[in-house]
Amino acid sequence: MVEPTNNLIEKIKQLIITRLKLVDMTPEMIENNAPLFGEGLGLDSIDALELVLGLEKEFGVIIPDAEVGKKVFQSVRTMAQYVLEQQGKV
């Protein structure tokens, strides 16, 4: 398993902030391994859809279904890991 770079993790955090219009948040405020949904960032299903679109536009990565989405959107690190895995398959 390839470890995501800090650069990619920062890009993912910026994508979350930009796509979800979290104007009062900085990338430093988002923990790499914290849950994105529930008690973590507290995102909801509409946020998830926005992130799916953001990943597709920014990284050319597709989330095929909700089952994959649940695994990918556990944390910033799992999102970065998925991007790396998908880009490696191209």
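Trainee: What is the basis for the values?

Mentor: This is a predicted model, in which local features need pLDDT of at least 70, side-chain atom pairs count only at pLDDT 80 or more, and totals for chains, interfaces and linings use all residues. Residues are numbered from 1 along each chain as its sequence is written, and side-chain values use heavy atoms, with hydrogens and water left out.

Trainee: How do you know what confidence the chain has?

Mentor: pLDDT is the predictor's confidence in each residue, from 0 to 100. The chain has a mean of 93, and 96% of its residues reach 70 or more. Confidence is lowest in helix α4 (residues 76–89), at a mean of 92, and highest in helix α1 (residues 6–19), at 96.

Trainee: What makes a stretch count as a helix or a strand?

Mentor: Both are DSSP runs, numbered from the N terminus: helices are H or I with at least four residues, strands are E with at least two. By that rule the chain has four helices and zero strands, in the order α-α-α-α from the N terminus.

Trainee: Why does the radius of gyration of the chain agree with a compact globule?

Mentor: The radius is taken over C-alpha atoms, and the globule rule is 2.2 Å times the number of residues to the power 0.38. For 90 residues a compact globule would be near 12 Å, and the chain has 12 Å, so the two agree. The C-alpha trace spans about 35 × 25 × 20 Å along its principal axes.

Trainee: Why is Lys-21 called exposed?

Mentor: Buried means under 20% relative accessible area, exposed over 50%, and partly exposed in between, with a 1.4 Å probe and protein chains only. Lys-21 has 64%, and is therefore exposed. Lys-21 lies in the loop between α1 and α2 (45–59), and its phi is near 55 degrees, a positive value in a residue other than glycine.

Trainee: What makes a residue a contact of Thr-78?

Mentor: Contact means heavy atoms within 4.5 Å. Leaving aside neighbours within four places in sequence, Thr-78 is in contact with Lys-71, Val-72 and Phe-73. Thr-78 and Asn-33 are 45 residues apart in sequence and 8.0 Å apart in space, C-alpha to C-alpha.
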